[in-house]
Amino acid sequence: MYRGLTAPLAALVLLLLGPPAPAAPLPDFPPAGTAEVKALEADATLDLADGRKLRLAGVDLPLHGRAAREARQALSDLALGKTIELRLAGAARDRQGRVLAQAFLGTLWIEGELLRRGFALVHSTPDMRLGVAAMLRIERQARRYRHGLWADPAYAVIEAGDAAKAAGSFRLVSGVVAAVAKTSRGIVLRFGPEESRALAALIDARALQLCREAGLDPLALAGKRLLIRGFIDGTRRPLMTITHPEQIEILRARKMAPAKPPGP
């Protein structure tokens, strides 16, 4: 662990960064050529020297505050003026016509490095799921040690009962599923009483099929604590639409401290 460092320095690095994430095989992304990065745009978009625009696949970068400045600088250091290899993770282009790809500089996975340092969060879609499990593992480690944007309260995981305050934004939300209901629109996970302002999550028929193919049964989630991610629509009650299983993470039950024996 942390080879080449003296013992005291390695201990300091371990304290600040936490232990390295467990080694995991790199996703097998199909190659899609190379390109030189000419300029950076907002969020995770790069201007390529051949005139195309590249949207880094599966991640969002912070747009405000110190985290945004640090993320932009990190991406600049990693990619600006360099020739990168593009690898596909699903759909080859987005609705704006931008190239969608994972980016590599030699053996360095740029999206993975941004996630590791807390300069990006995972934002996947149903047609861009390859490698997302690995990306979530890396992000989870960064969240645990509050790297980068995860030290900023503006990006913190929020409780389902507070989701209305974050309406209109993409957020990570945690809560216990109070009830699971079948409706004409699909399966609804309710994180509070129906009359409350707590979050509800909608899983339509297509998403339900994808969940079951991944071994996740939404009908069995009642009483489970979840971490879900997505856009919160606050038009009426706070609602998040689940389109693919990677948006749902089942959290381990919180351990209760053992009760103290009664005194004499």
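## Strand pairing around β10

Two strands pair if DSSP finds at least two bridges between them, strands being DSSP runs of E with at least two residues and helices runs of H or I with at least four, numbered from the N terminus. The model is predicted: local features need pLDDT of at least 70 and side-chain atom pairs pLDDT 80 or more, while totals for chains, interfaces and linings use all residues. Residues are numbered from 1 along each chain as its sequence is written, and side-chain values use heavy atoms, with hydrogens and water left out.

Strand β10 (residues 170–176) and strand β14 (residues 225–233) are antiparallel and share seven bridges; V176 has R225 of β14 as its bridge partner. Strand β9 (residues 158–159) runs parallel to β10, with two bridges between them, and E159 is partnered by S174 of β10.

## Helix α4

Helix α4 (residues 132–144) has 13 residues, which should span 18 Å at 1.5 Å a residue, the expected span being 1.5 Å times one less than the number of residues. Its end C-alpha atoms are 18 Å apart, in agreement.

Buried residues of α4 include M135, L136, I138 and R143. R143 also lies over the face of W150, 5.9 Å from the ring centre; a charge counts as over a ring if NZ of Lys or CZ of Arg is within 6 Å of the ring centre and within 35 degrees of the ring normal. After the helix comes R146, with a positive phi near 55°.

## Aromatic cluster

Rings of Phe, Tyr and Trp (its six-membered ring) pair if their centres lie within 6.5 Å; planes under 30 degrees apart are stacked, over 60 edge-to-face, and the rest tilted. F104 and W109 are stacked because their ring centres are 6.2 Å apart and their planes are at 5°. Both residues are buried, and F29, F104 and W109 form one cluster. The charged end of R87 sits over the ring of F104, 3.8 Å from its centre.

## Nonpolar cores

A nonpolar core is a set of buried Ala, Val, Leu, Ile, Met, Phe, Trp, Tyr and Cys residues joined through side-chain atoms within 4.5 Å. The largest has 39 residues, with L46, L54, L56, L75 and L114 making the most contacts inside it. Another core, of 23 residues, lies apart from it and includes I158, V177, L226 and I248.

Notes:
Buried < 20%, exposed > 50% of the residue type's maximum accessible area, 1.4 Å probe, protein only.
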